[in-house]
Amino acid sequence: MHPKIIEIGEGIKSMKIRGAGRIARAAAEALKYFAEDYSGTVDEFEKEMEKAKEYLLSTRPTAVSLRNAVYYVINRTEGDSLDKIKESIIKNAESFINLSFSAVKKIGKFGAERIRDGSVILTHCNSSAALEVIIQAHRSGKEIKVFNTETRPWLQGHITSRKLAEEGIDVTMIVDSAVRYFMRDIDIVIVGADTIASNGAVINKVGTSQIALVAHEARVPFIVAAETYKFSPETVIGKLVDIEERPAEEIANPKEFPGVKFRNPVFDATPPEYIDAIITERGIISPYLAYQIIKEVINFGVES
Ligand code: RUB
């Protein structure tokens, strides 16, 4: 396999490259590098491309953004000569990456318009789409405060806190289990998504569904910021979203806990009844419109 496919694939696996949007763009970029460098026969190229696809898709199982990016690049290939095919892969990869960046910006704009001046926002993990909403609201002159969870076990919340502080935003980091304690101070919750199922359920960093439940109890709006390539076409035909479980070592050193078992699922599913809205680059929708988005936007091919 092309060294860039392996380098980027390993980067995704080890979480050096992380977050659903970033891993999608990185996968598209890996396919672009592969196409740019390839010399050989069309048949061999197609075989190698299939291997690259399978490998990239195996790196992180939950985020459908990765799958949608890979299919976007491969399924739109045109031409029958090697040069034309390569050209088409490169063009598709570049177009996915541009589409992705521009979607995040649009989400930021739509979302920021919905944030009221003086709002206290809660976010979880580290989502570029959710942060774009918060940052654009701040840049538009709104006085906002943010609470963010540290996000065990990987502590992606540290990245979020630092980024918000650098922007000059009033940010407070809390432990994940303090969410209910602080919910009375929160006006709106904004999180990202790895995958959105056709029934409107949102799969995001583990802990998201607990936050949604607490927000629901306190009648605090719970909003998801997600590009349309986070919607999963395969869930329409009944496929379940695979929830990634990572090594116990991310939680503690198992050797120090003889006789103790560990479980480390890193995502969970929030049902649509706890979600007030999903902000996409196409506009702000109810989670119950997920199927419509999949039907209209995601035509990257469903493999049964
Ligand atoms: C990241 C995570 C993020 C989503 C959305 O998990 O759950 O909320 O991926 O991020 P991990 P974005 O750190 O395990 O990848 O909005 O940047 O796509």
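Trainee: Which ligand atom does a polar side-chain atom of arginine 18 lie 2.5 Å from?
Mentor: Keep in mind that this is a predicted model. Arg18 is listed among the closest residues to the ligand. Its polar side-chain atom lies 2.5 Å from an oxygen atom of the ligand.

Trainee: How far is an oxygen atom of the ligand from an N or O atom in the side chain of asparagine 204?
Mentor: Start with serine 128, where an N or O atom of the side chain is 2.5 Å from a ligand oxygen. For asparagine 204, the distance from a side-chain N or O atom to a ligand oxygen is 2.6 Å.

Trainee: How much of the ligand's 460 Å² of accessible area does the protein cover?
Mentor: The ligand sits in the largest cavity, and 18 residues surround it. Of the 460 Å² that the ligand has on its own, the protein covers 99%.

Trainee: Which peptide bond is cis?
Mentor: Most peptide bonds are trans. Check proline 153, in the loop between β2 (145-149) and α7 (156-166). With omega near -5 degrees, the cis bond runs from arginine 152 to proline 153.

Trainee: What is phi of leucine 155 near?
Mentor: Leucine 155 is also found in the loop between β2 and α7. Most residues other than glycine have a negative phi. Leucine 155 has a positive one, near 60 degrees.

How values were computed: Residues numbered from 1 in each chain as written. Predicted model: local features only at pLDDT ≥ 70, side-chain atom pairs only at ≥ 80, totals over all residues. Heavy atoms only, no water. Near = heavy atom within 4 Å. Polar contact = N/O pair within 3.5 Å; in protein donor to acceptor, adjacent residues only side chain to side chain. Areas by Shrake-Rupley, 256 points an atom, 1.4 Å probe, with all protein chains shown as cover. 1 Å grid on protein atoms, 1.4 Å probe; cavity = no way out; pocket = protein on both sides within 12 Å on 5 of 7 lines; lining within 4 Å. Sits in = over half its atoms within 2 Å of the grid points. Helix = DSSP H or I, 4+ residues; strand = E, 2+ residues; numbered from the N terminus.
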